[in-house]
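Subject: Handing over a structure

Hi there,

Here is the structure I promised to pass on to you. Please have a look at it first, and then read my notes below.

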Amino acid sequence: QVQLVESGGGLVQAGGSLRLSCAASGRTFSSYAMGWFRQAPGKEREFVAAISWSGGRTKYTDSVKGRFTISRDNAKNTVYLQMNSLKPEDTAVYYCGADLSLGGLVVKITPTEYEYWGQGTQVTVSS
């Protein structure tokens, strides 16, 4: 079992920044990949960014490339999402997910491939 707790969401003006954190517990954090997803009202959960167990591999959806950065600190069992130059269309509930397959070597973009999820944190970007 893995427990995930997100934090760091809030209300920010367009062009501002936020850093989301996801604290993990229950299994060896450095053995699995992590991902950030988001879900806006009336829409499906969509991929934002993912990172391999070591941090050596990352992947981003095109709309956040150059603005968001995913990172992890295995000593703190935490994955981060630094979000800069935020836009109103970034408004959503942001979720972190844990993928325990393949030893965390592969970063995946499909929500169904993640076994564990946090409760989500709301990000609202005003125009």
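**The disulfide and its surroundings**

C22 and C96 are both buried, where buried means under 20% relative accessible area, exposed over 50% and partly exposed in between (1.4 Å probe, protein chains only). Before going on, please note that this is a predicted model, in which local features need pLDDT of at least 70 and side-chain atom pairs count only at pLDDT 80 or more, while totals for chains, interfaces and linings use all residues. Residues are numbered from 1 along each chain as its sequence is written, and side-chain values use heavy atoms, with hydrogens and water left out.

What joins C22 to C96? A disulfide does, with 2.0 Å from S to S; the term stands for a pair of cysteine sulfur atoms within 2.5 Å. The link connects distant parts of the chain, since C22 sits in strand β3 (residues 18–25) and C96 in strand β9 (residues 92–99), 74 residues apart. Strands (E, at least two residues) and helices (H or I, at least four) are DSSP runs, numbered from the N terminus. The angle about the S-S bond is 55°, and the link of C22 and C96 is right-handed. The count of disulfides comes to 1.

**Aromatic rings**

There are 5 aromatic pairs. Rings of Phe, Tyr and Trp (its six-membered ring) pair if their centres lie within 6.5 Å; planes under 30 degrees apart are stacked, over 60 edge-to-face, and the rest tilted. One of the pairs is F37 with F47, edge-to-face at 5.6 Å centre to centre and 70° between the planes. F37 belongs to strand β4 (residues 33–39) and F47 to strand β5 (residues 46–51), so this pair ties together parts that are 10 residues apart in sequence. F37 is buried because its relative accessibility is 0%, and F47 is buried at 10%.

Y114 and W117 make a tilted pair, with 5.9 Å between centres and 45° between planes. Y114 has 5% relative accessibility and is therefore buried, whereas W117, at 26%, is partly exposed. F37, F47, Y114 and W117 form one aromatic cluster.

R45 lies over the face of W117, at 4.7 Å from the ring centre, and also over the face of Y95, at 3.7 Å. For such a contact, NZ of Lys or CZ of Arg must be within 6 Å of the ring centre and within 35 degrees of the ring normal.

**Salt bridges**

How many salt bridges does a search of the whole structure find? The search finds 5, each being a side-chain nitrogen of Lys or Arg within 4 Å of a carboxyl oxygen of Asp or Glu. Among them is R67 with D90, at 2.8 Å from N to O. R67 lies in the loop between β6 (58–60) and β7 (68–73) and D90 in the loop between β8 (78–83) and β9, so the pair ties together parts that are 23 residues apart in sequence. R67 and D90 are both buried.

K108 pairs with D99, the closest N and O atoms being 3.4 Å apart. K108 is buried at 12% relative accessible area, and D99 is buried at 0%. Salt bridges that share partners join R38, E46, R67 and D90 into one network. K65 forms a salt bridge with D62 at 3.0 Å, and D62 is exposed, with 61% relative accessibility.

Enjoy exploring it!

Best wishes
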